[in-house]
Amino acid sequence: MDAFRLLACLRAGRGLHHVAGAAFCLLTQGALATPVTVAMFADMSLEELAEIEITSVSKRGERLQDAPAAIFVITHTDIRRSGASSLPEALRLAPNLDVARVSANSYAISARGFNNAIGNKLLVLIDGRTVYTPLFSGVNWDAQHVMLEDVERIEVISGPGATLWGANAVNGVINVITKRAGETQGGLLAVGKSNQGADGAMRYGGKIGDGHYRIYGTGFNQDNSETANGTALRDGWRNRQAGFRTDWGTPLDGITVQGDVYDARKDGTSLGTPTLSGANLLARLNRQLDATSQLSIQAYYDQTKRDDPASFRDQVDTVDLEVQHSFELNTTHKILWGGGTRYAWSDTQTHRNDLPILQFLQEYRPASRSLQWHNLFVQDEISLSQELKLTVGLKAESNTYTGVEFLPGVRLAWKPDDKQLIWSSLSRAVRAPSRIDRDFFLSFYFPGGAPGPAGDFVFPLINGGPNVRSEIADVFELGYRAQPSDRLSYSVTAYYSEYDHLRSGQPPPAVVQNMMEGTTYGVESWGTYQLTEDWRLSAGMKTFRARFRLKPGSLDPDGATDAGNDADLTWMLRSTLNLSSKHDFDVMVRRVAALPSPAVPAYTAVDMRLAWRVTPDLELSLIAQNLLDSAHPEFGAPASWSEVGRRIGLKALWSY
């Protein structure tokens, strides 16, 4: 009966104040189980961090210390101690990512360059569900809201992962992994309020037969941002989301079923109110066939609806099925193979506003399209010796636009001892065309003007490219990871990438082409030092250099400058200090160099958090972000960029 009472409470939650009301409703139910203490405030030692089992590098469990890739893991403790209130803000903790806030509700996030608001070379998964949109092969970050208190870890890989994960895993993979339902028993309530908005979340977990369940509800209100001259932008964002997860058995031999439903809206304009809604349902079966063999089957359905009165209304329905099998051929070969299929139905209808002024008209032709992807992959981890392992893999993936693409990868890992890993890789990845490459048309439109379609004046600016092909990246990496003592760990990676057939354009009316090529290279490094038992220092730094050039015959008026807008140097420092058994003090300093085109000034941000555990299950925290200046831009053009302002807030976190 507890779950039904909680669902009844959540049904009332449309506004943020109703989230608190639902929590009160939950807490006052006399029949609820005895409050459960959740040990959620403990920090992990460096040795425990090295022993974290990750899955994103090889699609099988392995120690972080043994993973031959540039991977950084954001733990649930890192997220809590950062004071982050959204997934994009939590991703700022990864030193191998570029995270720039574009407006109150949008972000530009990338790895190893090509950063823009519709970045298309970074694959993002939430509990195994791919969340990129087939409209532009990127991520709508305003639609990716998770209850951060339920996140177990976020695995962030910089570098290609296409051999296992497929197209669009060109420059990196972000894998958000939430806790199993059995780890979130009892209740939890989180409420935050700042000068920029408010947020709240509640969750309750219990037993269901031989398994466990949790149900949750979250919501936030994000205020409008402002331009440099103080003008408020109509970009405030309201989001409400609820969901569930159930788990039976163990991670290696069990069943998971989970789903979410959400509804969001932006502050409206004279044209109307932009809205966003969606739902997803995922099921996964893991079976331990014998001591060295495992089978995994996963299927999900995902629907997203977006309606912007100023541009278009879009609905995407996706169905995905994936099967993989791992086994040991003998003591030398560990084989992983499998395949998958995905179907997406995209319907995009253009809003033609009846305003007697010149305006932009965005269209997708055809308005509706069915898309499909199919893949087969195989990977062999070969033990050349006890210290030396070679991993070779190949993925064949077909898509609606370009047919079959082959994605090979080779990795070599040498472990001189248990505390060191030297690795290198050579990989090929592709970014397959999306609807914005083939089907997108942009025009100037004047209702009732000169003769044209329906008697209107239409001047084409961008025409979809009927011959657009996949973008290709060939990447070499060399990395070193070490933990020389129980107080120090660090990782260094150097990379060199060659790109071909990058997207480019022409003077209006432009036809999208692939007439750009280039190289990128850089170094990524991070480390952690346990200064004392209660004081930990962490640092990260990355450099980035790019050289792009147009191919002969290209007439792109922007030259080779539209591949992205990236800083050549970023660094961060973090201090996590346990002042006492009840008090934490955390500081993070981030430095981002200037962006070249359009020019955005360099900035340094200082974030602080002071927390007090009133009881073992109740934590209060004061959060201050961007303390060095009242506001600064992070992305966009000077005439329209959104200023990221100083944020001061309070948060209460109660587990019961």
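**Around the largest cavity**

Tutor: Let's start with the void itself: the largest cavity has a volume of about 510 Å³. Keep in mind that this is a predicted model. A search of the whole structure turns up 13 cavities of 30 Å³ or more, and the one you asked about is the largest of them.

Sorted by class, the lining has 10 nonpolar, 16 polar and 10 charged residues. The elements that give two or more residues to this lining are α5 (87-90), β10 (186-194), β11 (197-208), β12 (211-222) and β37 (643-645).

Let's follow two of those strands. β11 and β12 are antiparallel partners, paired over 12 bridges, and within that pairing Arg203 stands opposite Tyr216 in β12. Two residues sit between the strands of this hairpin, where Gly209 takes a positive phi near 65 degrees. β12 also pairs with another strand: 11 bridges join it to β13 (residues 237-249), again running antiparallel. In that pairing, Ile215 has Phe244 of β13 as its bridge partner. Is β12 enclosed or open to the outside? Since 10 of its 12 residues are buried, β12 is largely enclosed by the rest of the structure. When you step along a strand like this, remember that in a regular strand the side chains alternate between the two faces of the sheet.

Next, the nonpolar packing. The largest nonpolar core has 58 residues, and the members that touch the most others are Ile74, Leu91, Trp141, Ile154 and Ile174. Take Ile154 as your way in: leaving aside neighbours within four places in sequence, Ile154 is in contact with Phe72, Val73, Ile74, Ile79, Leu87, Leu91, Ile174, Asn175 and Val176. One of those contacts, Leu87, falls within the span of α5 (87-90), which is among the elements that line the cavity. Apart from this core lies another, of 15 residues, including Ala162, Leu407, Val430 and Tyr499.

To finish, here are two spots elsewhere for comparison. Ser489 lies in strand β27 (residues 488-504) and, at 19% relative accessibility, counts as buried because the cut-off is under 20%. Leaving aside neighbours within four places in sequence, Ser489 is in contact with Leu46, Ala482, Gln483, Gly527 and Thr528. Arg549, placed in strand β31 (residues 545-550), counts as partly exposed at 41% relative accessibility. From C-alpha to C-alpha, Arg549 and Met516 are 5.8 Å apart in space, though 33 residues apart in sequence.

Note on methods: Residues are numbered from 1 along each chain as its sequence is written. This is a predicted model: local features need pLDDT of at least 70, side-chain atom pairs count only at pLDDT 80 or more; totals for chains, interfaces and linings use all residues. Side-chain values use heavy atoms; hydrogens and water are left out. On a 1 Å grid over the protein atoms alone, a cavity is a set of points where a 1.4 Å probe fits but cannot get out, and a pocket is an open set with protein on both sides within 12 Å along at least five of seven lines; lining residues have an atom within 4 Å of a point. Grid points are joined across faces, edges and corners, and a volume is the space filled by probe spheres set on the points. Helices (H or I, at least four residues) and strands (E, at least two) are DSSP runs, numbered from the N terminus. Ala, Val, Leu, Ile, Met, Phe, Trp, Tyr, Cys and Pro count as nonpolar, Asp, Glu, Lys and Arg as charged, and the others, Gly among them, as polar. A nonpolar core is a set of buried Ala, Val, Leu, Ile, Met, Phe, Trp, Tyr and Cys residues joined through side-chain atoms within 4.5 Å. Buried means under 20% relative accessible area, exposed over 50%, partly exposed in between (1.4 Å probe, protein chains only). Contact means heavy atoms within 4.5 Å. Two strands pair if DSSP finds at least two bridges between them.
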